[in-house]
Amino acid sequence: MHTTHIKKYAPLARTAFITAVTKRANELGIYDSHIEQATEAGKILTIEGRIHALSLKSARNKLIKRVEQLGFTQLMEHAAYTWFNRLCAIRYMELHDYLDHGLRVLSHPDNNNGLEILDHAEEVAEDLGLNRDQIIELKLAGNQDELLYRTLLLGQCHALHQAMPFLFEAIDDETELLLPDNLTRTDSILRGLVNDIPEEDWEQVEIIGWLYQFYISEKKDQVIGKVVKSEDIPAATQLFTPNWIVKYLVQNSVGRQWLQAYPESTLKSKMAYYVETASENASTPIDSKGV
């Protein structure tokens, strides 16, 4: 597969996602240098003059504890990759019709700037474990598309975790708080993922690995050759292994053992990357009497 578009997009996406989740943290009064106090009044939580629902208090406190444990910069990098990774997975799944409802979550088949799931919000609410009446209320409001879409996207993430917990990790409350803003805008952080990588590049599942490889490429260049901190070890050591290399390794290890145990097996004809040994290539020895 061609990686030109991925190589160009992914490093820029890393910067964009880190900036976006940092902005969300800042809006909650959480900064690299300090943490602002929040005041409560009824069901309102006020932070630096900004009004939030009091229901965010618990998740915000958890987020503050994680900042204290990991450090602000490391947590922002982790949250940015968490959302990048999940959105990439959803993008792949929507293009391969792997989502149960059959709708696109990050794009629209007939509208370059649209979101198909937003058009069918009330139809998928129950499938995503959401309150259908609440979804209909947001839809009818006419000016709540951002909140509506955010709710649908989080519902999709939770639904995928329920269906595939071994693959799609749960998203905790504090990570939800850092989901980037303005997702329904034409210049949202989703647009690059959808518009900058042609749909044909998503045909093979390898694209997920290549996206990760190029996402951390700048970080890798920053830390390689230096004393690597524990939090930077993945960037310095984790490299994506293309499919053909995996096939080569498997066919010449497990495949070879199989052929040694079952020499009459037809498996060899199906292993494109199998390399015969010298003994396998050797012709029948010449009878010494004929020399």
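**Helix packing chat**

User: How many helices and strands does the protein have?
Analyst: The protein has 15 helices and 3 strands, taken as DSSP runs (helices H or I, at least four residues; strands E, at least two) numbered from the N terminus. This is a predicted model, where local features need pLDDT of at least 70, side-chain atom pairs count only at pLDDT 80 or more, and totals for chains, interfaces and linings use all residues. Residues are numbered from 1 along each chain as its sequence is written, and side-chain values use heavy atoms, with hydrogens and water left out.

User: At what angle do α3 and α10 pack?
Analyst: Helix α3 (residues 72-95) and helix α10 (residues 206-215) pack at about 155 degrees, their axes 10 Å apart. Axes are lines fitted to C-alpha atoms, for helices over the stretch in contact, and angles run from 0 to 180 degrees between N-to-C directions. So α3 and α10 are roughly antiparallel (over 145 degrees).

User: Which residues make the contact?
Analyst: From α3, they include Ala80, Phe84 and Tyr92; from α10, they include Ile207, Leu211 and Tyr215. Contact means heavy atoms within 4.5 Å.

User: And α6 with α7, which residues meet there?
Analyst: Ile135, Leu138 and Lys139 of α6 meet Leu147, Leu148, Thr151 and Leu152 of α7.

User: How close do the axes of α6 and α7 come?
Analyst: Within 9 Å, with a crossing of roughly 150 degrees. That makes α6 roughly antiparallel to α7.

User: New topic: what share of the protein counts as buried?
Analyst: Of its 291 residues, 41%, where buried means under 20% relative accessible area (1.4 Å probe, protein chains only).

Definitions and conventions:
Angles under 35 degrees count as roughly parallel, over 145 as roughly antiparallel, 65 to 115 as roughly perpendicular and the rest as oblique. Buried means under 20% relative accessible area, exposed over 50%, partly exposed in between (1.4 Å probe, protein chains only).
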